[in-house]
Amino acid sequence: MTEEVVRETGGTRASLQLLYEISREFAQALDLRTVLQRVLFLSLKTVKGESGSIIVLDEDGELRDSAIIHAGNMMDRNTQQLKMALQQGLMGWVVENREATLVSDTSRDRRWLRGKYDDPDTGARSSVSAPLLVRDRLVGIMTLSHPQSGFFTDNHLELVQTIAGQAAIFVLNASLYDESQQRTRVMTALANSAASINASLNVDDVLQSILEQIVEALEVDAVSLALVDEEAGELEFKAATGSGRDSILGLRIKMGQGVAGWVAQNEEAIIVPDVQKDPRFYNKVDRQTGFLTRAIACVPIRSQDKVIGVIEALNPTGKGFGPDALVVMDGIGHLAGSAIDHARLFEQVEVARSRYLELFEDNVDPILVTVADGKVVESNRSAQRMSGFLEAELKTMNVHQLHAVDWEVLGQNYDNLAGQHPLSYESSLQTKDGGSIDIEVYVRRVNIADTDHFQWILHDITERKRFDKLREDLASMIYHDLRSPLANVVSGLDVLQSMLEKEDPTVQSVIDIAIRSTERVQRLSNSLLDTMRMQSGENLGNPEPVTVEEIVRDAVEAALPGANNKEQQIKVALSASLPSIMVDADMIKRALINLLENSVKYTDKEGVITVGAKRKGGWLHIFVRDTGRGIPPDKIDTIFDKFTRVREGAAGSTAGLGLGLAFCKLAVEGHGGKIWVESEFGKGSTFTFSVPVAS
Ligand code: ADP
């Protein structure tokens with residue numbers, strides 16, 4: 001722009017030319033700093049001013065940005081001074097009156113405040129100032145000055161007004177753009193932080209990542225993070241970056257102490273631009289760490305409305321904390337709260353999981369976990385060892401490929417597996433090398449990740465099976481080998497008795513005892529043999545019609561000597577018209593003798609034992625009642641199981657194996673009947689069994 005143009009400023013052509021130039025210049029920049037700079041340079045050039053300033057105001061009339069040019073150079077902004085000028089000085093006047101004004105001699109105008117670059121001798125003597133208005137909104141103020149008093153004229157004023165009017169819209173645009181850029185920066189910082197903070201579930205990693213995000217977003221020298229220890233009423237530093245890192249970790253401060261303690265206690269974010277001037281600053285930490293803190297921004301970490309810690313950002317590099325520092329930190333503080341929560345929860349779950357894993361892995365029994373269709377999803381070391389399959393191989397298999405599943409026990413669709421209660425059955429494990437191992441399988445329903453899974457414990461019962469087999473082989477061998485010699489003894493004793501008929505009664509009774517004892521051994525070995533055979537599924541016996549009188553008479557005769565020894569009475573209660581029964585007489589007799597002998601055994605001296613029978617439709621119920629010690633209610637259900645004996649004090653213990661009732665049950669059930677007991681503990685018992693009536 002030439003000098004003529006300036007002189008002709010009143011002219012329309014000149015104004016138009018200027019406006020055109022201004023628009024072209026300004027429209028090329030969107031960055032606020034650049035726009036301000038250009039507006040100032042162009043204005044100074046046009047009006048031949050020496051220095052100038054533009055301040056930018058936000059919507060609330062607060063100082064948002066500024067630019068100062070002095071002797072052709074951009075100066076440092078002095079926010080404090082500009083703020084003051086805004087309130088009282090020439091600019092204050094323009095803000096209030098919203099019109100341009102001319103100061104021909106600054107020393108005579110009370111509105112003029114001397115600025116940093118405004119030397120009383122060489123500084124500004126005259127100035128023009130104009131508002132930057134877009135419709136009703138005051139966007140900023142431009143002031144130009146010159147060291148010569150009276151330099152500016154009304155023409156200059158008009159020119160500055162024109163430029164300000166034109167510049168206003170560009171400044172507003174740039175300022176809005178700047179604001180949105182800043183918002184985008186905050187959003188991006190938060191989004192990045194969220195992504196990296198949530199990338200890990202390990203508490204330490206999460207904390208470290210929070211700090212790194214802040215260092216990056218705010219450009220600070222150091223960041224530290226402390227968590228609240230509620231019990232101790234303290235904050236403990238858990239993570240830190242920067243040179244003091246190692247000495248700050250583990251450091252504890254009281255709630256309310258220092259800036260961090262203040263924030264934790266007051267649950268409020270703060271920026272302390274100069275810690276030396278803030279009484280809340282606690283320099284002991286600096287003394288310990290050797291770090292020199294200048295400025296702090298500190299925000300609380302919240303989790304479910306509770307402050308669980310604080311984050312401190314120290315010493316921003318460059319100009320100090322920007323206006324978005326607290327926004328970014330607060331945002332990260334919120335993220336941190338939930339991330340720490342998640343990480344802590346996850347850690348707890350992990351501990352529980354690894355504890356379970358240890359139990360699972362170290363269990364001596366093989367364990368498989370399957371989904372409902374039987375597909376194996378987990379196996380422990382023991383399962384791999386016993387089956388010979390690798391973990392990966394097992395994961396491709398179905399549990400039924402490893403053993404025959406007993407669906408009768410489990411029920412179709414595992415219907416019998418109610419709740420957490422396990423069910424069990426015997427089976428055999430098919431190993432990789434083609435072998436098989438006897439197992440007892442315990443199946444349990446377990447809930448993993450909200451879906452039904454099934455846990456299969458495969459307990460190796462090879463040893464037990466081997467012992468069972470050995471015992472049974474041994475027993476049956478003994479009984480077989482006992483039978484014929486015993487029969488010989490009995491017939492020998494019979495012969496002896498008939499030969500000694502008229503002899504000495506003492507000898508007679510000795511032979512009686514020998515015969516009875518031998519018969520007892522015979523009955524016992526027969527019953528054991530029967531028990532074993534019936535248990536292995538053999539159908540025994542040789543049913544034929546027999547009268548109940550005969551059975552009862554023979555049984556009582558066998559039990560009587562024992563009863564006599566204890567001065568007990570055996571009463572027989574049979575009504576006259578009882579039908580015959582269809583049974584293997586020898587076996588049922590032995591069962592009845594068993595019941596009678598039990599009654600004798602478990603009834604005190606002089607007790608009464610009653611044996612009788614009643615018809616019930618197609619069945620005859622035979623019972624043995626005694627006045628003995630009875631059976632405890634909790635034992636009633638198991639008393640007919642093999643080897644079940646009611647435990648008693650050593651003093652009252654009675655010899656027995658717990659096999660008698662098991663035999664009775666098998667014998668009766670072998671005839672299609674049932675056996676049961678009714679008992680009042682301490683008063684006596686009644687054992688009853690049913691056998692079919694002969695048609
Ligand atoms: P055991 O050889 O022990 O007698 P059993 O199978 O005949 O074996 O009996 C099992 C258990 O039942 C006995 O140990 C005893 O505790 C109990 N019992 C059997 N009969 C009677 C009875 N009449 N009175 C009280 N308890 C009995």
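Residues L474, M477, I478 and L482 form a nonpolar surface patch with about 340 Å² of accessible area together. Patch members have over 30% relative accessible area and no salt bridge, and nonpolar side chains (Val, Leu, Ile, Met, Phe, Trp, Tyr) are joined within 5 Å, like charges within 9 Å; a salt bridge is a side-chain nitrogen of Lys or Arg within 4 Å of a carboxyl oxygen of Asp or Glu. Areas follow the Shrake-Rupley method with a 1.4 Å probe, and for residues only the protein chains shown count as cover. The model is predicted: local features need pLDDT of at least 70 and side-chain atom pairs pLDDT 80 or more, while totals for chains, interfaces and linings use all residues. Residues are numbered from 1 along each chain as its sequence is written, and side-chain values use heavy atoms, without hydrogens and water.

**Helices**
- M477 lies in helix α16 (residues 462-499); helices (H or I, at least four residues) and strands (E, at least two) are DSSP runs numbered from the N terminus.
- M477 is partly exposed because its relative accessibility is 45%, where buried means under 20%, exposed over 50% and partly exposed in between (1.4 Å probe, protein chains only).
- Helix α3 (residues 32-47) has 16 residues and spans 22 Å from first to last C-alpha, close to the expected 22 Å at 1.5 Å a residue; the expected span is 1.5 Å times one less than the number of residues.
- Buried residues of α3 include L32, V35, L36, V39 and L40.
- K48, which follows α3, has a positive phi near 60°.

- Strand β22 (residues 619-626) has 6 of its 8 residues buried.
- Strand β21 (residues 608-616) runs antiparallel to β22 and is joined to it by 8 bridges; strands pair if DSSP finds at least two bridges between them.
- In the hairpin of β21 and β22, with 2 residues between the strands, G617 has a positive phi near 60°.
- Strand β24 (residues 684-692) is antiparallel to β22, with 7 bridges.
- I622 of β22 stands opposite A613, and its bridge partner in β24 is F689.

- Strand β13 (residues 367-371) is largely enclosed by the rest of the structure, because 4 of its 5 residues are buried.
- β13 pairs with strand β17 (residues 451-460) in the antiparallel sense over 5 bridges, and L368 has W456 as its partner in β17.
- β13 and β14 form a hairpin with 4 residues between them, and G374 in the turn has a positive phi of about 95°.

**Cysteines**
- The whole structure contains 0 disulfides, a disulfide being a pair of cysteine sulfur atoms within 2.5 Å.
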